[in-house]
Amino acid sequence: MIARLFAFLLSIVAVFGSETPKRIVVLGDSIAAGYGVDPDEAYPAVLQRKIDASKLPYTVVNAGLSGDTTAGRLRRIGWILKQPLDILIIELGGNDGLRGIPVSATRTNLQEIIDRTRAKYPKVKIVIAGMKMPANMGAEYAADFEKVFAEIAKKNNAAFVPFVLEGVGGKADLNQADRIHPTPAGHEIVAQNIWPVLQPLLK
């Protein structure tokens, strides 16, 4: 009887002493969504494997949506905020740039996404994934667009990935036929670009 009681108490300690997984939400567009690849090949899934290999108590939630813009995500951010989150990775803006949306609008939308998130979850950690535009969008626009992400990261004391497609963008062997969306090998590199920035936030 005493042995059974002891075993029962140990089971209670195990349950309540275990760490509840924390949530990392990836707000992204078709890159995060894994357009053209299997879901487990997209970079959020690759990040999850890196986290699991490090035996860290985090679950990655892929909230990527193909074609999404900063304005579109801002309109729907309330749905994301219904569930608690500990880290928010923002990989948005690429579609803004390709559509020629004013840089000022992208800046405002990104800031509002951060403000609304922190208003509900003050302790949330933010990661900004930077993006660049091709030269055919115009040199001035491309330069202003690229600066937005660094400015937002600095203003909000957020972790920063200067260019999420570093080592992937423009490389035919790492992109699908459209030359925009990464292959599985490309997603591995994208995850590796994010990992050194994300990892310190998991401790």
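Trainee: How many bridges join strand β3 to strand β4?
Mentor: In this predicted model, four bridges join β3, residues 87–91, to β4, residues 125–129, and the two strands run parallel.

Trainee: Which residue in β4 does Leu88 stand opposite?
Mentor: Leu88 faces Ile126 there.

Trainee: And what is the order of the strands in the sheet?
Mentor: The order is β2-β1-β3-β4-β5, five strands in an open sheet with parallel pairing. β2 (58–62) and β5 (159–161) stand at the edges with a single partner strand each, so one side of each has no neighbour in the sheet. On average, neighbouring strands are turned by 20° against each other, direction ignored.

Trainee: Which strands does helix α3 lie across?
Mentor: Helix α3, residues 43–53, lies across β1 (22–28), β2 and β3, and runs at about 175° to β2.

Trainee: Changing topic, at what angle do the axes of α4 and α6 cross?
Mentor: The axes of α4 (residues 70–80) and α6 (residues 103–120) cross at roughly 20° and come within 9 Å. Angles under 35 degrees count as roughly parallel, so α4 is roughly parallel to α6. The crossing is left-handed.

Trainee: Which residues make that contact?
Mentor: From α4, they include Leu74 and Ile77, and from α6, Leu110 and Ile113 are among them. The residues of this contact divide into five nonpolar, five polar and three charged.

Trainee: Where does pLDDT stay under 50?
Mentor: That applies to residues 1–18, for which the model has one contact beyond four places in sequence. The chain averages a pLDDT of 92, and 91% of the residues score at least 70.

How values were computed. Residues numbered from 1 in each chain as written. Predicted model: local features only at pLDDT ≥ 70, side-chain atom pairs only at ≥ 80, totals over all residues. Heavy atoms only, no water. Pairing = 2+ DSSP bridges. Axes fitted to C-alpha atoms, helices over the stretch in contact; angles between N-to-C directions. Contact = heavy atoms within 4.5 Å. pLDDT = per-residue confidence, 0-100. Parallel < 35°, antiparallel > 145°, perpendicular 65-115°, else oblique. Left-handed = near helix turned anticlockwise from the far one by under 90°. Nonpolar A, V, L, I, M, F, W, Y, C, P; charged D, E, K, R; others polar.
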